[in-house]
Amino acid sequence: MKLRASKHSSSLKLKPKLGLVAATFFCFFFFFIAGFLFSSFLSQDAPVLRHRQRVLESVNDDAAVMPDRESGDDSFTSIPYQVLSWAPRALYFPNFAPAEHCQSIIAMAKFGLKPSTLALRNGETAENTKGIRTSSGVFISASEDKTGILDIVEEKIARVTMLPRTHGEAFNVLRYEVGQRYNSHYDAFSPAEYGPQKSQRVASFLLYLTDVEEGGETMFPFENGSNMDGSYDFRQCVGLKVKPRRGDGLLFYSLFPNGTIDPTSLHGSCPVISGEKWVATKWIRDQEQDE
Ligand SMILES: O=C(O)CCC(=O)C(=O)O
């Protein structure tokens with residue numbers, strides 16, 4: 001009993017001491033963390049806040065709009081995009097065109113469809129290139145479209161590429177049914193394979209006019225230099241694959257800034273597995289195009 005009593009009394013004495021030590025430790029820890037956080041806030045966050053303020057100012061403040069010029073806008077425009085890749089240089093534009101515009105483009109193309117053709121290399125014929133591109137399509141220029149929708153789309157493409165409308169070919173509206181595809185190819189024409197060229201395709205803009213249930217992705221098999229060891233089969237759907245979504249746009253550049261062909265711009269359309277794919281392609285060249 002005695003022993004137990006003495007044990008009990010010594011633990012009673014110890015408790016307040018332990019409490020004091022814990023409280024001191026807790027205060028020290030709390031002030032240390034608070035001080036650390038406060039000092040890093042002062043040293044790092046201040047410039048970020050200042051930078052953010054500047055960006056906001058330039059967007060919201062009317063006075064920051066540059067004076068109107070002969071060509072150009074008198075207000076800011078916001079067209080959202082996502083950089084999909086730097087090799088190839090590819091950008092994705094969600095909701096580039098409204099659904100009603102996509103439907104109207106399909107309606108105007110529907111009755112003029114013909115089997116899609118290919119630009120042939122030396123030695124190639126329609127016969128020995130059969131199966132490479134199996135979609136149907138039709139060319140329609142903005143000036144032919146009395147609804148004015150292609151005009152709106154073309155204008156917007158010129159704004160995001162900053163390549164003049166006069167450099168664009170007519171829209172090539174394509175339909176892919178189940179099983180139809182376009183094997184990987186370049187939009188630019190290598191003079192070594194196709195002979196001397198009067199002008200070259202710089203960039204391609206694809207406006208997806210439908211969703212596709214399954215398949216039909218636009219693919220870039222050589223994204224970031226992958227699959228370039230010579231073993232790639234041009235029908236394979238590998239690399240960067242962009243799933244078509246109605247109204248969204250895809251822009252990619254076929255040429256490097258120095259005018260040579262970017263090998264990673266190789267691309268194609270995976271076969272449609274289920275559903276139907278409609279897309280309007282605009283090829284933009286380095287020279288003005290005849291109407
Ligand atoms: O349909 C696609 O996704 C690709 C079309 C294409 O490669 C082309 O028209 O050059």
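**Ground rules.** I number residues from 1 along each chain, as its sequence is written. Because the model is predicted, I take local features only at pLDDT of at least 70 and side-chain atom pairs only at pLDDT 80 or more, while totals for chains, interfaces and linings use all residues.

**Overall make-up.** I looked up the secondary structure and found four helices and 14 strands in the protein. Helices (H or I, at least four residues) and strands (E, at least two) are DSSP runs, numbered from the N terminus. I then looked up burial: 25% of the 291 residues are buried. I call a residue buried if 20 or more other C-beta atoms lie within 10 Å of its own, exposed if 12 or fewer, and partly exposed in between, with C-beta atoms placed from the backbone. Next came contacts, where two residues touch if their C-beta atoms, placed from the backbone, lie within 7 Å. Of the contacts with a separation of 6 or more, 77% are between residues 24 or more positions apart.

I traced an open sheet of eight strands in the order 1-2-11-7-14-5-4-3, with antiparallel pairing. Strand 1 and strand 3 (114-115) are at its edges with a single partner strand each, so one side of each has no neighbour in the sheet. I count two strands as paired if DSSP finds at least two bridges between them.

**Helices on the sheet.** Helix 3 (residues 149-161) packs on this sheet and touches strand 2, strand 4, strand 5, strand 7 (201-208), strand 11 and strand 14. The direction of helix 3 makes about 130 degrees with that of strand 7. Helix 2 (residues 99-109) lies across strand 4 (136-140), strand 5 (171-176) and strand 14, and runs at about 100 degrees to strand 4. For these angles, axes are lines fitted to C-alpha atoms, for helices over the stretch in contact, and values run from 0 to 180 degrees between N-to-C directions.

How many residues lie between strand 1 and strand 2 in their hairpin? I found two. The strands run antiparallel and four bridges join them. Val83 has Leu91 in strand 2 as its bridge partner, and Ser85 has Ala90. Pro88 lies in the loop between the two strands, and a cis peptide bond with omega of about 5 degrees joins Ala87 to Pro88. Why does strand 1 (residues 82-86) lie largely in the open? The number of its five residues that are buried is zero, so the strand is largely in the open.

I found another open sheet, of four strands in the order 6-12-9-10, with antiparallel pairing. Strand 6 (182-185) and strand 10 are its edge strands, each pairing on one side only. The twist averages 15 degrees from one strand to the next. Three bridges join strand 9 to strand 10, and Phe220 stands opposite Leu240 in strand 10.

**The core.** The largest nonpolar core has 37 residues. Such a core is a set of buried Ala, Val, Leu, Ile, Met, Phe, Trp, Tyr and Cys residues joined through C-beta atoms within 7 Å. Strand 7 gives the most to it, with five residues. Ala280 is among the residues with the most contacts inside the core. Leaving out residues up to four places away in sequence, Ala280 touches Ile105, Phe171, Val173, Leu207 and Leu209.

**The ligand shell.** I listed the residues around the ligand: Leu174, Tyr182, Asp187, Leu206, Thr218, His267, Gly268, Ser269, Val279 and Thr281. A residue belongs here if its C-beta atom, placed from the backbone, lies within 6 Å of the molecule. Strand 12 and strand 14 (277-285) are the elements that give two or more residues to this shell. Strand 12 has the largest share, three residues.

**Loop residues.** Asn95 lies in the loop between strand 2 and helix 2. Its phi is near 50 degrees, a positive value in a residue other than glycine. Asn95 is partly exposed, with 13 other C-beta atoms within 10 Å. Asn224, in the loop between strand 9 (218-220) and strand 10 (240-242), has phi near 55 degrees. Gly259 is in the loop between strand 11 (249-253) and strand 12 (267-269). Is Gly259 buried or exposed? Gly259 is exposed, with 10 other C-beta atoms within 10 Å.
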